[in-house]
Amino acid sequence: CVAAIWFIIKGGLAGAAVYVAYDQGLLGSGAEGAEALKKAQTVLPPAIKEWTSYVGWEVRTMQINTLPPTPKIDFSPSDSWNKGVQTVMSALSVAPTRACEYTMEGWKYMKDLVK
């Protein structure tokens, strides 16, 4: 019974994550993903600062008054997508040749074992 509840909770969280990703345009084209990333880069730092002040994290235990700056993300989803597509297509284009080579090596190995 507890496992079913955990499964429902995890499934709900996963579904919510997919919905938010779809709603923000992350599952669309590369241009939509790039636009969503730019939007996130402008929205996240103020939101994190507001959240930490709401929670009361002044980071007193580490003797630091402010959090480190958020890293600048220089990432192009469309370039990464294109690189992935090129890699897959390259692998698929040499697959018949590689399969033939591996088959010949396998037959040679089997012949050597039988001798």
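Visitor: What follows helix 1?
Guide: G25 does, and its phi is positive, near 90°. Keep in mind that this is a predicted model.

Visitor: And which residues make up helix 1?
Guide: Helix 1 covers residues 2-23, so 22 residues by the DSSP runs used here. From its first C-alpha to its last it reaches 31 Å, close to the 32 Å expected at 1.5 Å a residue.

Visitor: What does UniProt say about residues 1-16?
Guide: An unreviewed UniProt entry annotates residues 1-16 as "signal peptide". In the model, that stretch is 94% helix and 0% strand. Its end C-alpha atoms lie 23 Å apart.

Visitor: Which residues make the nonpolar surface patch?
Guide: V2, I5, W6, I9 and L13 make it, and the patch comes to about 530 Å².

Visitor: Take L13. Where does it lie?
Guide: L13 lies in helix 1.

Visitor: Is L13 buried or exposed?
Guide: L13 has a relative accessible area of 58%. Exposed means over 50%, so L13 counts as exposed.

Visitor: Changing topic. How many salt bridges does the structure hold?
Guide: The structure holds 1 salt bridge. The side chains of R98 and E101 meet in it, at 3.4 Å from N to O.

Visitor: Why can side chains pair like that?
Guide: Side chains of opposite charge can pair when their charged atoms come close.

Visitor: Where do R98 and E101 lie?
Guide: Both are in helix 3, which spans residues 77-114. R98 and E101 are 3 residues apart, about one turn of the helix.

Visitor: How accessible are R98 and E101?
Guide: R98 has a relative accessible area of 40% and is partly exposed. E101 is also partly exposed, at 35% relative accessibility.

Visitor: Now the whole protein. How many helices and strands are there?
Guide: The secondary structure comes to 3 helices and 0 strands. From the N terminus on, the elements run α-α-α.

Visitor: What share of the residues counts as buried?
Guide: Of the 115 residues, 7% count as buried.

Key: Residues numbered from 1 in each chain as written. Predicted model: local features only at pLDDT ≥ 70, side-chain atom pairs only at ≥ 80, totals over all residues. Heavy atoms only, no water. Salt bridge = Lys/Arg side-chain N within 4 Å of Asp/Glu carboxyl O. Helix = DSSP H or I, 4+ residues; strand = E, 2+ residues; numbered from the N terminus. Buried < 20%, exposed > 50% of the residue type's maximum accessible area, 1.4 Å probe, protein only. Expected span 1.5 Å × (residues − 1). Patch = residues over 30% accessible without salt bridge, like charges linked within 9 Å, V, L, I, M, F, W, Y side chains within 5 Å. Areas by Shrake-Rupley, 256 points an atom, 1.4 Å probe, with all protein chains shown as cover. UniProt positions renumbered as here; feature names shortened; annotations may be inferred.
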